[in-house]
Amino acid sequence: MDNILLDVRDLTVSFDTYAGEVQAVRGTTFHVKKGETLAIVGESGCGKSVTAQTIMQLIPMPPGRIKKGNIFFEGKDLAKFTDKQMEAVRGKDISMIFQDPMTSLNPTMKVGKQIMEGLIKHQKMNKAEAKERAIEMLRLVGMPTPEKRFEQYPHEFSGGMRQRAMIAIALACNPKLLIADEPTTALDVTIQAQIMELMQDLQKKLNTSIILITHDLGVVAKVADRIAVMYAGVIIESGTADEIFHNPQHPYTWGLLKSVPRLDLGQKERLVPIDGTPPDLFAPPKGCPFAARCEYAMKICKEIHPEKTNLNSSHYVHCWLQHSYAPNVKNPITGEGR
Amino acid sequence: MEQVGLEKDMFEVVGKDLESAEAIIRPSLTYWADAWRRLKENKLAIIALVVLALVVIMAFVGPMIRPFTYDQQDFTKINQEPSSEHWFGTDALGRDIFVRCWSGAKISLFIGMVSAIINVTIGIIYGGISGYLGGYVDIIMMRIVEIIYSIPELLWVILLMVVLGPGLKTIIIAISISGWGGMARLVRGQVLQLKQMEFVLAAKTLGADTSRIIAKHLIPNAMGPIIINLTFQVPGAIFTEAFLSYIGLGIQPPLASWGSLAQEGTLMLLIKPYQMFFPALLISITMLAFNILGDGLRDSLDPRLRK
Amino acid sequence: MLKYTLKRGIIALITIWVIITVTFFLMRAIPGDPFTNEKKIQPQIMENLKRKYGLDQPLIVQYGKYLQNLLRGDLGDSMKYKTRTVNEMLRTSFPVSAKLGLMSIAVGAGLGITFGIIAALNRGKAFDYFVIFLAVIGVSVPGFVFAALFQYWFGAKLQWFPVARWGTWKHYVLPVAALGFSSIAYIARMMRTSMLDILSQDYIRTAKAKGLSRRVVTWKHTIRNAILPIVTILGVNIAGVVVGSFVIESIYAIPGMGKYYVQSIQQNDYTLIMGTTIFYAVILVIMMYLTDIVYGIVDPRIRIDE
């Protein structure tokens, strides 16, 4: 299908540390179509950031290494690219924004110049053109008095403005794919909403595909077209936003949804946290990684990693509850029996 | 597609297994046990520790194993190269350099350690008071430290030595008075941190047990940097003493310290280099060992590097 | 920025005043007077000498006079070399020491920064270990040991360079090497640490994510930020070089301030000691102040107040 922009297949990334091998990403497969927003959701340490940074080859290798898998972007496998080849891709075809805008901007370089750098390198603009375009970008991301802001340093910006500046930098060369790694986690709730709105708005204008990485399902609701739920280095469920919110099939997804505050559930419903902590990735469990924390866990869950079940062309899940031998379980979100 | 060959009883529900969910793979050690373990793994630091132990032992044993005293002059044997009778040779007055080096070791090490300890103590008290009292007093006290420390310690020590006159006691006084600034700042920082913690905890526990909190938190948090600082102060003090003796303000003959020996050796440097070489070597090895040990301690006591 | 400059300036001035006062009262606290070591002097001449140096006045008055003289730039007469003033002796010896010191600092900073950068960029490899090794040696082995070593090996044994005195460029090499060694070691270590710290910062990752080349990321982003704290380090280093010069000049018989300082101490020439100490202190305070200012200019977070 030539509608697919990014096609990640069975990506496996490990880190070789003093204490042994950390299997951060253990065979993830997903794709992003042109113009769509894919959200990758999961708690800290589940491997979503590592996946994102591996696409851009920003992980230092050593100690990291891609054990296997492919990252197909416009027909080429980025996993096999050299650093030089990646330089031509980063900032130009694929861009990334990070979690903490305070530390992600060079404190001793004017913001305007930081936007211009990419323009000069990738679009071969001269200084005057780059400056004009940079100011334009600042205006595009909703920065008041962009000419003045162009000459200022990051410490003169507020948190929300810094993130806008990051977005301006990332989108300056009009990349086809934007990876946003927890872009709003470090910001106030009201600013969060503004930034998400801005990203949606820009996506429509520039037809950029977005991979949105977050641990917060609430942030994802309005913005994502498709959602992939990640746990302990593997994707355990994936589908359209509608399917995930209204017909989730994996107990972990149920847990995530039950722990998100929702306006429509009324005051009597309690938030239910998920007991326990994610497994240690030095020695990942051999079965389903969620088994220890799952109230529906079966003997087989501890032994064998669940196979993939395709519920339809867009929605799949890795869970033994889908097997015909498994007992009927009431879906806590939809209320249906299975 | 459904896998063939799976037994139906595998699908019996067993529910959560939180014990394994919360199991920690790596054994957890206390802060000090972990620090000691890390230090032991640092081979260089252990070598340094052993070397220092040897130097200290020799400081006592050295003079005893040769039949000379440190001030015994023999005008028939001046400026002799190292030989089987005089292992490090003799100086311009026929004194045995081996014995002088090791009795000098005693003095240099003594000055180094005592000054360092007094230094650290003054620093802890000053910094502790400044941090505890806080407010204007704290600001003024820290400004005083800042002003005093715009001038290098050595300059202060020289001034004090000129006033106090040379000698063992005066050297210790001079060095102790001049070097406590770093420790003061450190301890003050810890106390300020601790005050914040104390405040928060007090709000929760209604002010109960604040002294236990100080004991349980201040000691582990501050001890690490204090030990490290102490380890680095000693070579600094040894160097200062050597420097003073070298310019004539330190230990006076016939007493020997490494610095005074080096100074005496310099006069004959171009003809009989060994006279300077031995004390210089001892100074260097000792300071090197202290610095390596200090680095090792710093690495092993840094909680962020726990593995 | 202005507030910062003023604040630092006031502290500098107070520091200088403290030094002068402390030095003055310390010198006056020395038991006996400076003439006790001299051969017997007749009481009448003693009276005259005391009056000349103002030693018969109450302490506070002496202090006042001293301050007055200082403001005029007059550091007094040497007590040992009675025909020469302190100013005179400083004037001839200062340029020599200044040259030696500046060269050592330049070499120390130049090589130190370079080594530190290369070590950090090649972490864990041979050069890195070499630099760490150098750094530890440089900080542990006292300056006078290096001075003596160089003098013996490169001067006497190999005869590559003159053993002492001052004159041609050849005379510079050994003393600058001896003085500069610990500077190189210290600065290299600090630069390496600073580089490693910056390399782990998020904004370096952002720079890479923009597709900038390794060279640009290293120079415009990493080094540009890593070198900032080194400005402050240089201030500390200058103090170390000044102090080190006392011994180096003595060993190499270089006619600089340090040599005279050591001599004055050994000869109990109190006005010379006082004058030189104050002079050194003032220079150091001014240097520290300048480094603070330079740092304020170079770091936009200070240059541009919120």
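Which residues of β3(A) are buried on one side, and which on the other? In this predicted model, local features need pLDDT of at least 70, side-chain atom pairs count only at pLDDT 80 or more, and totals for chains, interfaces and linings use all residues. Residues are numbered from 1 along each chain as its sequence is written, and chains are lettered from A in the order in which they are written.

A:Thr37, A:Ala39 and A:Val41 are buried on one side of β3(A), and A:Leu38 and A:Ile40 on the other. A residue is buried if 20 or more other C-beta atoms, placed from the backbone, lie within 10 Å of its own. Strands are DSSP runs (E, at least two residues) and helices likewise (H or I, at least four), numbered from the N terminus. Because five of the five residues of β3(A) (37–41) are buried, the strand is largely enclosed by the rest of the structure.

The strand pairings, which require at least two DSSP bridges, are as follows.

| Partner of β3(A) | Sense | Bridges | Bridge partners |
|---|---|---|---|
| β8(A), residues 209–214 | parallel | five | A:Val41 and A:Thr214 |
| β9(A), residues 226–231 | parallel | four | A:Ala39 and A:Ile227 |

In chain B, helices α3(B) (residues 43–61) and α4(B) (residues 97–133) pack at an angle of about 120 degrees, with their axes 7 Å apart. Axes are lines fitted to C-alpha atoms, for helices over the stretch in contact, and angles run from 0 to 180 degrees between N-to-C directions.

Technical notes:
Buried ≥ 20, exposed ≤ 12 C-beta atoms within 10 Å, placed from the backbone.
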